[in-house]
Amino acid sequence: MALTVPQRPPVSPWPFVKLKLRLIASGLRGRPARIVLFVLGVVMAGFFAIGGYAVFAVPGVVDDDRVAGMLLQLGGSALVVGWVVLPLLFFGVDESLDPARFALLPLPRRTLILGMFTAALAGLPALSTLAATLGMVSTAADLGGAGAGFAQLAGVIGGLLTCVALSRAVTSAFATGLRSRRSRDLAVVLFAVVAALLGPLQLALLAGAERADWDAFAVLGDVLGWTPLAAGWSVGLDVADGRLWAVPLKLLIVAGTLAGLLWWWSATLESAMVGAASSGSSGRTGAGDVGSPTGLLLGRRLPRTRFGALVAREVRYWWRETRRRAALITFTVAGFFLPLSITVNGGSAGPAAAFVGLIAVIALANQFGYEGNAYAANMIIGVPGRTEIHSRAAAHALFALPLLLLIAIAAGVTGGRAEHIPGDLGLMIATYGAGLGLVLPVSVRAAFALPPSTSPFAMSSGGGMAKGLLTVAVMLGIVIATAPLQILAFLLGDIWLWIGLPVGVAFAGAAYLIGSGVAGDSLDRRMPEVLAAVTPGR
Amino acid sequence: MTVPAPREGEQAAAMSLYGLVKRFDTKLAVSEVSLEVPAGSFYGLLGPNGAGKTTTLSMAVGLLRPDAGRAFLLGYDVWADPAAAKARLGVLPDGVRLFDRLTGPELLAYHGLLRGMDAATVDQRSRELLDVLELGIGNRTMVVDYSAGMRKKIGLACALLHAPRLLVLDEPFEAVDPVSAARIREILQRYVAGGGTVIFSSHVMEVVERLCSHVAIISDGVLRRHGTLASVRGDRSLEEVFVQVVGGRVSTGSELAWL
């Protein structure tokens, strides 16, 4: 028998969409926590959709085409930028359709790209963006009638496709560029810096907006309207203003951009499909015996004990594990910027100081998730819960406390209020201690798994949501717990300058003792459950 | 069902499992597994993929809480008196990450100090283990950059470091190259000859047949056969017994004719 010619592979993108939906469904089955997160995600997407629709529809209702020009073009550009930045920084990329999994199937590149693109469109973010931008159609229809509305509808769809294509292409390019572990580690650090600088940038922009005249923004919007960022979002307005000649040109810009992005994506996809090759970093084997194994682990000063080993491993991890290092860097940048931005303007650093202590501690909220089920090693040896908790807190404090001291000094000196340094430091330490007291039990009760992905930005579906919710809840708790101290500092005025530091330290110590005790005992009872919770893919 | 009470103070069994049960969602992963591992034995736990080997061993060493049943290591109840049981135990888990952002020597030092050993002993034994397993004493590569086989070897070194009385190894030969596998076999045989007990899981018949004094066959979460190698094998080959017990298909010769 002759071999039969293999069938032509199907070219429809629908199997990809079905596969994605099925993956989402089976990810939810039998997991109430995931379902809750998913529903929350739907609700938030719904809010975004409705809110966005309302905002974009306003200019049409009030019949102001200048506002419409600014809002649609600037807002649309912001949407596009958001589609690139947000997945990289916060939510991670949904890797349910990981191109590497299709590597062995005989799929033409075109089918694969089309399929993955369509699957990306069939998600909450794309749907809610579409719903929100439909507000632009309403505005265009109000301003220029049905014709403008139809043109805008085409533009909005083009804009949405641009958003999704750009987002996928950029993340795919990153995955390609980040093949080796070292470059991935570096990229995470860079992104942490950028993310930490977003806050300052935002404030600067707001300050600029207060001063700038609106005409400049209108001009900026019209210029953006001729770039891929906002070409799609503005066609309806062009019809309304009678610039019919602009419509085909802008649609051409959108189509060209889309084609270019898809081509870029397909070019980087191949290497993404090969996956992160274990780049043979051969290591400096046999480079001579440098110190004893215990010396390598502990350095010179840490005690040669169980506690010393635990602290040393944690310290190494805060430096060597990318997610932890990113958290430390974010804390450093934000910690210095927040109080400084206030004191430079002559304000009091007090509340901001408390906030710094709070950011410091957030990184511990899912501390067991960082190293995944490697925690099993400590369980097999039988490390008592309190020893585990104390060592982890101690290692974090080794980084956090010196930073808090530096921040307090920097804030006091730049604000010309050196006498406030001890009081502010006391507030920071009090928040840090109260934060530890709250976060340590949370880290035992609410640990969740982070995916061991090839991409540093990957989050399991719903993982981004869990992270965000946990952070908000913990922050609220800490604010409430330290509110009495804040009020006390405010009421006491100058007396606080004297008693702030000792009171803060005492408050922190008490909160830490209670929290670490609760966390340690709870860990003793829940070790297997914690391990199961941080094991990915269960 | 009644669980037989453990006999107090008896040291004949290095590991005793009584009616262990584990359920994941709706799937019964391990169903009432009871097993005695005699001290000084080289025990092979055989089973196809997904049979429940890892789940059983995880419950036996205190990593996974059983839904029912009890586990004793060297006479100590793992879930009632974990500290005593774990102190005499070395484990190489499968599918579990190591603290892989440490280098090999750092990882060994970490394990040694966590076991409460003094620094000089840790250093001396770590150097020997790194040398014997050919991992490089001065190797500054982080474990995350190790190959799969090297990871198995550093994991084994961590399990051996405190000279435990009982070794529980989950798939110790997977992804290990033949030369290293021979070295590991040799180390384990010497360890058993010196009075230690090894229980390891595998689905490679040849390794089990060559090494083990006892075998147990598990499939679909149920313990199908157990005992000395001779009694389980009878006069057939272990593979024949295994395929028959596990219920693999017997080829009729007519399938896949188009191939």
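Tutor: Two strands pair if DSSP finds at least two bridges between them. Helices (H or I, at least four residues) and strands (E, at least two) are DSSP runs, numbered from the N terminus. The model discussed here is predicted: local features need pLDDT of at least 70, side-chain atom pairs count only at pLDDT 80 or more, and totals for chains, interfaces and linings use all residues. Residues are numbered from 1 along each chain as its sequence is written, while chains are lettered from A and ligands numbered from 1 in the order in which they are written.

Student: Which strands of chain B stand at the edges of the open sheet, each with a single partner strand?

Tutor: The open sheet has 4 strands in the order 2-1-4-5 (chain B), with antiparallel pairing. Within it, 8 bridges join strand 1 (residues 13-24) to strand 2 of chain B, and Ser16(B) stands opposite Glu36(B). Two strands have one side left without a neighbour in the sheet because each has a single partner: strand 2 (27-38) and strand 5 (76-77).

Student: How many residues of strand 3 of chain B are buried?

Tutor: A residue is buried if 20 or more other C-beta atoms, placed from the backbone, lie within 10 Å of its own, exposed if 12 or fewer, and partly exposed in between. In a regular strand the side chains alternate between the two faces of the sheet. Here Phe42(B), Gly44(B) and Leu46(B) point one way and Tyr43(B) and Leu45(B) the other, with burial on both sides. Strand 3 (residues 42-46) is therefore largely enclosed by the rest of the structure, its buried residues numbering 5 of 5.

Student: What is the bridge partner of Tyr43(B) in strand 9 of chain B?

Tutor: Strand 3 of chain B is joined by 5 bridges to strand 8 (residues 197-202), running parallel, and Leu46(B) stands opposite Ser202(B) there. A parallel pairing over 4 bridges also links strand 3 to strand 9 (residues 214-219) of chain B. In strand 9, Tyr43(B) is partnered by His214(B).

Student: How far apart do the end C-alpha atoms of residues 15-245 of chain B lie?

Tutor: UniProt, in an unreviewed entry, places the feature "domain: ABC transporter" at residues 15-245 of chain B; such annotations may be inferred rather than shown by experiment, feature names are shortened, and positions are given in the numbering used here. The span is 39% helix and 27% strand, and its end C-alpha atoms are separated by 24 Å.

Student: Which helix gives the largest share of the side of chain B that touches chain A?

Tutor: Contact (C-beta atoms, placed from the backbone, within 7 Å) involves 40 residues of chain B and 39 residues of chain A. Helix 2 (82-87), helix 3 (104-114) and helix 4 (119-132) of chain B each give two or more residues to this side. The largest share, 7 residues, comes from helix 3 of chain B.

Student: Is Glu134(B) buried or exposed?

Tutor: Most residues other than glycine have a negative phi. Glu134(B), in the loop between helix 4 and helix 5 (148-160) of chain B, has a positive phi of about 55 degrees. With 12 other C-beta atoms within 10 Å, Glu134(B) is exposed.

Note on methods: Contact = placed C-beta atoms within 7 Å.
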